[in-house]
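Here's a quick tour of a protein model for anyone just starting out with structures. Have the sequence and the 3D view open while you read.

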Amino acid sequence: MNIHEYQAKEILSNYGLNIPKGILAQSAVEAEWAARRLKCGQDGRICVVKAQVHAGGRGKGGGVKLAKTPDEVKSLSEAMLGMTLVTHQTGPQGKLVQKVLITEGCDIEKEYYFALVLNRETATIGVMASTEGGVDIETVADETPEKIVSAQIDPTIGLMPHTIRTLAKALGFTKKLSKDFKKIIEGLYKAFLDYDCSMIEINPLVLTKNGELTILDCKMTFDENAVFRHEALQNYRDYSEEDLNELEASKYGLSYISLEGNIGCLVNGAGLAMATMDIIKQYGGEPANFLDVGGGASQENVTQAFKIILSDSNVKAIFVNIFGGIMKCDIIANGVIAAAKDLGLEVPLIVRLEGTNVELGKEILKNSKLNIISADSMSDGAQKAVASLK
């Protein structure tokens, strides 16, 4: 689960961290009022107008602007609100800007990058830091990987002093700044644990010209399975930023992620779903989605899964790949038939069934009199799905 920058800053401000003041605005008039509250234009003070969308790279897309007066803030906000912001993380479709954050500006001496990330492979919390803040960390990793320092925090032991010292030294901090950095990393680590985070990214963490470390921008993501434990996070959820099909799928216990291909996938089991997408690509196709109906889906779940897949106008074929264990093949077959009849299915439908009640499932499909292409294996099904597009 993602939240907006202003929400992340609201959470982190409770941990004694140095964060510039900011005020959320949903209109140009509110933005101007916020700028006056922040004394923009007085004694040379500037403000920053920041588009609030669930995506990084906003500055490059025109979603971060500097303003010297409240009138400039109003003008910039007027242009930004309602625009479709396109960044490397939004995809070509972009995201609609519905609110902006007006923050205090600061005199920047140096920018750094810092992040805490859940490492599932090692069951630790990974730390990444770099002296190259303010740019995409992927670019730094590709072009100057030596400028990234990393460490692992074992949550059963906790954040150790030597880890902080190693990171501070790698970033070139003085003794005074190392103490400030210690306060920041301890606060971020506590927030990470308190809120079941999967990532906290600070980019940039800046050193101001008056010698202070300040969190200028931040992003927080959370473990979806733990959100029920945090009422505040549920209130932070912005459904307008989420894929409508993914939201609809969650109502029926389906794991769905929209992709950019044209072959819809309906599979049971996350591992099998990943393998199905891989083999479609191996044979020259492009999956339109990841969709795991789970091990205990009902006929209604399968029908809803079909509806979600077909709501994507890019889908030109559907590959159903089921290995029945707890999920019985006859239930899948009945769900496929119900959905096909209800929706008036017009795209090629390729079905591979294996496992519990497989013969019954195949018989149900055969007697349906629907134009279903039967597949003997996952490989056979993928090839037939790709071929059907031609």
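Predicted model: local features only at pLDDT ≥ 70, side-chain atom pairs only at ≥ 80, totals over all residues.

Residues are numbered from 1 along each chain as its sequence is written, and side-chain values use heavy atoms, with hydrogens and water left out.

**The sheet and its helices**

- Helices (H or I, at least four residues) and strands (E, at least two) are DSSP runs, numbered from the N terminus.
- Four strands make an open antiparallel sheet, in the order 1-6-2-3; two strands pair if DSSP finds at least two bridges between them.
- Strand 1 (22-25) and strand 3 (64-67) sit at the edges with a single partner strand each, so one side of each has no neighbour in the sheet.
- On average, neighbouring strands here are turned by 20 degrees against each other, direction ignored.
- Strand 2 (residues 47-51) and strand 6 (residues 100-104) run antiparallel and are joined by five bridges; in one of these strands, strand 6, threonine 103 is the bridge partner of valine 48.
- Helix 1 (residues 5-12) packs on the sheet and touches strand 1, strand 2 and strand 6, with its direction at about 50 degrees to that of strand 6.
- Helix 2 (residues 28-37) lies across strand 1, strand 2 and strand 6, running at about 170 degrees to strand 1.
- For those angles, axes are lines fitted to C-alpha atoms (for helices over the stretch in contact), and angles run from 0 to 180 degrees between N-to-C directions.

**Salt bridges**

- Side chains of opposite charge can pair when their charged atoms come close.
- The whole structure holds 17 salt bridges, each a side-chain nitrogen of Lys or Arg within 4 Å of a carboxyl oxygen of Asp or Glu.
- Lysine 74 pairs with glutamate 32, with the closest N and O atoms 4.0 Å apart. Lysine 74 is in helix 3 (residues 70-80) and glutamate 32 in helix 2, so the pair ties together parts 42 residues apart in sequence.
- Arginine 36 forms a salt bridge with aspartate 71, also with closest N and O atoms 4.0 Å apart. Arginine 36 lies in helix 2 and aspartate 71 in helix 3, so this pair links parts 35 residues apart in sequence.
- Aspartate 180 and lysine 176 form a salt bridge with closest N and O atoms 2.8 Å apart. Both lie in helix 6 (residues 175-194), four residues apart, about one turn of the helix.
- Glu5, Lys9, Lys50, Arg58 and Asp217 are linked in a network of salt bridges.

- Isoleucine 263 is in strand 14 (residues 263-267) and counts as buried, at 0% relative accessibility. Buried means under 20% relative accessible area, exposed over 50%, partly exposed in between (1.4 Å probe, protein chains only).
- Aspartate 292 is in strand 15 (residues 289-292).
- A polar atom of the aspartate 292 side chain lies 2.6 Å from the backbone nitrogen of glycine 269.

Notes:
Polar contact = N/O pair within 3.5 Å; in protein donor to acceptor, adjacent residues only side chain to side chain. Contact = heavy atoms within 4.5 Å.
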